[in-house]
Amino acid sequence: MSSKEKKRLRDRRSQQTLREKKLRHAAQLEERVAYCEQHHSDQGVQRLLQVINGLRQQNETLLTRQKSLKSLVNSWETELDEPGSVNGPSHGLSSLYEEINDREAQLALQTNFNESIPPQHGINSHLNTPISAASTPPNMQSPSLEPLSAEITPLWKQIPPHTDDFNTRTMISCPWLVDPELILPCPDTPNSPLDLLYGTKTNALADMIHTALQRRPIRDPERLGTGWLTYHFSRWVIAPSPETYARLPVFLQPVQGQMAIPHPLVLDFMPWPRMRLNLIRRWHLYAKDRDYLFGLLACCVKLRWPWNEKILERDERNELCIKKAFYELFTSESGWGLTPDFIRRYPDLVEGMDINQIVIELL
């Protein structure tokens with residue numbers, strides 16, 4: 001080939017290469033334009049701006065809550081560092097009693113128990129018992145420790161109003177009430193205390209209570225006593241009758257104050273009526289801190305039962321059953337005690353109670 005032909009061939013190749021580059025570049029630009037038209041329209045931009053504004057508001061709310069939590073924690077540390085704090089090893093029960101009495105006096109001046117009940121989020125006015133015929137509680141202005149009135153409705157029908165949503169499966173404290181049809185066939189009393197201590201495949205209610213109590217580091221006496229009371233109170237709520245109500249210990253039977261304020265069902269398991277009312281009244285303050293509260297309570301609630309003393313014995317049929325002395329202990333309000341740790345941390349929850357009667361020292 002001559003030099004002119006070679007030059008023309010190179011020119012044609014370079015022009016073809018240039019055309020291919022232009023075509024590829026144009027195709028890329030068309031793809032970008034189509035993507036922008038699809039994702040960067042006015043509506044899409046408006047949606048993104050709304051999301052950004054929502055995130056900004058949420059961030060501001062979180063920052064505000066963080067500041068309030070920091071100030072609250074700092075106030076706790078200040079109280080713990082005060083010279084008059086009872087957390088030091090040199091302080092005994094006498095100093096604890098003095099502090100509780102002082103704080104009760106302050107709370108009595110600051111708290112008006114006749115004031116209107118603060119609204120609680122997530123509580124509807126129509127909430128009643130989860131499983132039972134709806135009962136109309138008497139009208140009361142403030143919680144009371146007086147027994148329930150049986151003039152209109154029998155006592156066994158007066159179920160406290162609860163705020164739990166048993167239609168969902170997000171329950172933690174009382175998961176057995178999510179499936180009432182599963183536990184309705186269960187006996188009114190466990191066939192064996194081993195069902196609550198070690199679980200069972202023949203009693204769904206006892207097995208689920210055992211599983212829930214496994215979350216807490218408690219001794220077998222408290223595990224059996226708490227499980228036994230929880231079992232019978234749950235049976236009464238699920239299937240209210242004169243028989244199931246009669247199996248409740250006197251201190252576990254609802255009082256007037258429990259009918260005044262809707263509350264979570266787990267609060268009705270407290271062995272002290274006065275503490276139940278204090279916690280129900282202040283639940284809007286402690287609801288967000290419920291895990292820590294119940295965790296500390298599980299560690300601090302103790303039965304006045306000697307260490308290493310057996311709680312079970314053999315009956316005439318050589319089967320394990322609850323010792324009579326232990327049964328009488330945990331079915332009595334005086335058989336339960338609180339360690340000073342819980343009283344120091346939550347003095348407002350023992351307001352109105354005799355500290356000498358409820359405090360228990362671990363030796």
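These are my notebook entries on a predicted protein model, written as I looked things up.

**Ground rules**

I count residues from 1 along each chain as its sequence is written, and my side-chain values use heavy atoms, with hydrogens and water left out. Since this is a predicted model, local features need pLDDT of at least 70 and side-chain atom pairs count only at pLDDT 80 or more, while totals for chains, interfaces and linings use all residues.

**Entry 1: confidence**

I started with pLDDT, the predictor's confidence in each residue, from 0 to 100. The protein chain averages 79, and 75% of the residues score at least 70. I then looked up the elements; helices (H or I, at least four residues) and strands (E, at least two) are DSSP runs, numbered from the N terminus. A contact here means heavy atoms within 4.5 Å. Residues 107-143 are also below 50, and that stretch has 55 contacts beyond near neighbours in sequence.

**Entry 2: the core**

Next I looked up the largest nonpolar core. Such a core is a set of buried Ala, Val, Leu, Ile, Met, Phe, Trp, Tyr and Cys residues joined through side-chain atoms within 4.5 Å. Buried means under 20% relative accessible area, exposed over 50%, and partly exposed in between (1.4 Å probe, protein chains only). This core has 64 residues, and W176, L293, F326, L338 and F342 touch the most other members. Helix α7 (residues 220-238) gives the most to it, with 8 residues. I clicked on L293 and found that L293 touches L279, W283, Y286, F342, Y346 and L349, leaving out residues up to four places away in sequence.

**Entry 3: an enclosed helix**

How many of the 9 residues of helix α9 are buried? I found 8, so α9 (residues 273-281) is largely enclosed by the rest of the structure. Among the buried ones are P273, M275, R276 and L277. The cover over the buried residues of α9 includes α10 (283-286), α11 (290-300), β4 (336-338) and α13 (340-345).

I found D188 in the loop between α4 (180-183) and α5 (194-198). D188 is partly exposed, because its relative accessible area is 26%. Which residues is D188 in contact with, leaving aside neighbours within four places in sequence? They are Y231, H232, R235, T244 and R247. The C-alpha atoms of D188 and T244 are separated by 6.9 Å, though the two are 56 residues apart along the chain. I also looked for polar contacts, meaning pairs of N or O atoms within 3.5 Å; within protein, one must be able to donate a hydrogen and the other to accept it, and residues adjacent in sequence count only if both atoms are side-chain atoms. The D188 side chain has one with the side chain of R235 at 2.8 Å and one with that of R247 at 3.4 Å.

Then I moved to E351, in the loop between α13 and α14 (355-358). E351 counts as buried because its relative accessibility is 9%. Its side chain makes a polar contact of 2.7 Å with the side chain of R282.

**Entry 4: positive phi**

I ended with N308, which is not a glycine but has a positive phi of about 65°. N308 sits in the loop between β1 (301-303) and β2 (312-314), and N308 is exposed, with a relative accessible area of 81%. N318 also has a positive phi of about 65° without being a glycine, and I found N318 in the loop between β2 and β3 (320-322).
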